[in-house]
Amino acid sequence: MSLLSGVVVPLVTPMSEPGVPSAEAAEKFLAAMASVGVRRLMLLGSNGEGPLIPAEASGDFTAGVVKRWRDLVPDGTILVNVTAPGTAEAERRTDDAAAAGADAIVSSPPTFFKHRADEVVAHFAALSRHGLPVIAYNTPRSTLLTQESAGGAKPYLTGVKDSSGDPDMLRYLLSLGIEVSQGDEQGLADAVRAGAHGITPGIANLAPGLALQMVAPGADLDHLQELSTALTKIHTVRPGVPTVKALLNTRGLCPPHCAPPLAPCTADEVRHLTDLIAPLEQHLIPRATSS
C-alpha cells in the first residue's frame, strides 16, 4: 500500500480549549477535507502541534479522528507523527498510534541533542519493531537527517517526508528506492518534476484542492507553485500554526485554540490575513455549512 503518493495533508489539530485536542471539534474540518478528495492525513506533525501535546492527551484524539476518517473515506490513510526527545517516548507514542488504528507512524530523529548517524539508525530500528510502517521526517526546524543516517535507516523505513528544501537531499532520498513526499512549500513543483511520490504541504490545510491539482497528470506546475507561494505569505503576518487556525476558524472549520505557549492570532492579525487571502478564495477549502 502506498502511504505517501499524491497529497498527504499535515492536519492542524482542532482543540476544544487551549492545549486540548478534540476529535469532535475536527468533525467539520474532516468532512470538508473528504469532500474535496483528500485521502491521506498526517496527525500531530509540526502543523499539528504534536511536540506540544502530551502523549496522554493525544491518544483519544487520534482514535477519534481515525474512526471518523474511516467513515468518511473508507480507503483513506492516517499517518501519526510520534517525534519525541528520546526513543522511549517515541515508542510509547507509536504504541498509542497503533492502538488508535493508524496506518503508519512518522518520526524525526530524537530532538534537542545532536545524534550520531548510528544512533539515528537505532532509533528507527526500535520504532520498526512496533508493527507499523515507519516514515522518517526530515525537518530543519528540529533535527535533520543526513545522507549517512537516512541510508543506514533504509531497511527500517517505508518512506521519508522531506521538508529540508535541499534538492541534493531530495535526489538522494529518491535514489534509496523508498517513497518520498515533499514538505517544503517553496519546492513543491520542483519535487514533483524530480519524481517525488507526493507532497505534504502545510498550506493544504487551507487549500487542499490546490495541492491535489499539483499532483494531477498534466498539471501546470509553475502556475500552481505561484498560487501556493502566494498563500504562504500569510506567514508574513504571523508565522506558524496560529495563522492557519485563525483562517480556518473564519471558515467555520476549526477553533482558533492552540497548545501553549502558542497564542491565537489577534483580531487585527485576522483582518490582515483575511484580506491577504481574499484573491485566492476560489482555491480555499469550502466553508462549513450552517447545518
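User: Which residues of α2 are buried?

Analyst: Buried means under 20% relative accessible area, exposed over 50%, with partly exposed in between (1.4 Å probe, protein chains only). In α2, the buried residues are A55, S58, F61, T62, V65, V66 and W69. They cover an arc of only 140 degrees around the axis, so they sit on the same side of α2; the arc is that of the directions from the helix axis to the C-beta atoms. On the other side of α2, E56, D60 and K67 are exposed.

A note on the source: this is a predicted model, where local features need pLDDT of at least 70 and side-chain atom pairs count only at pLDDT 80 or more, while totals for chains, interfaces and linings use all residues. Residues are numbered from 1 along each chain as its sequence is written, and side-chain values use heavy atoms, leaving out hydrogens and water.

User: What do the buried residues of α2 pack against?

Analyst: Contact means heavy atoms within 4.5 Å. Helices (H or I, at least four residues) and strands (E, at least two) are DSSP runs, numbered from the N terminus. Here the partners are β3 (20–21), α1 (27–35), β4 (40–43), β5 and α3.

User: Which residues line the largest cavity?

Analyst: On a 1 Å grid over the protein atoms alone, a cavity is a set of points where a 1.4 Å probe fits but cannot get out, and lining residues have an atom within 4 Å of a point. The lining here consists of L44, S58, G59, T62, V80, N81, R93, D96 and A97. At least two lining residues come from each of α2 (55–72), β5 (77–81) and α3 (87–100).

How values were computed: On a 1 Å grid over the protein atoms alone, a cavity is a set of points where a 1.4 Å probe fits but cannot get out, and a pocket is an open set with protein on both sides within 12 Å along at least five of seven lines; lining residues have an atom within 4 Å of a point.
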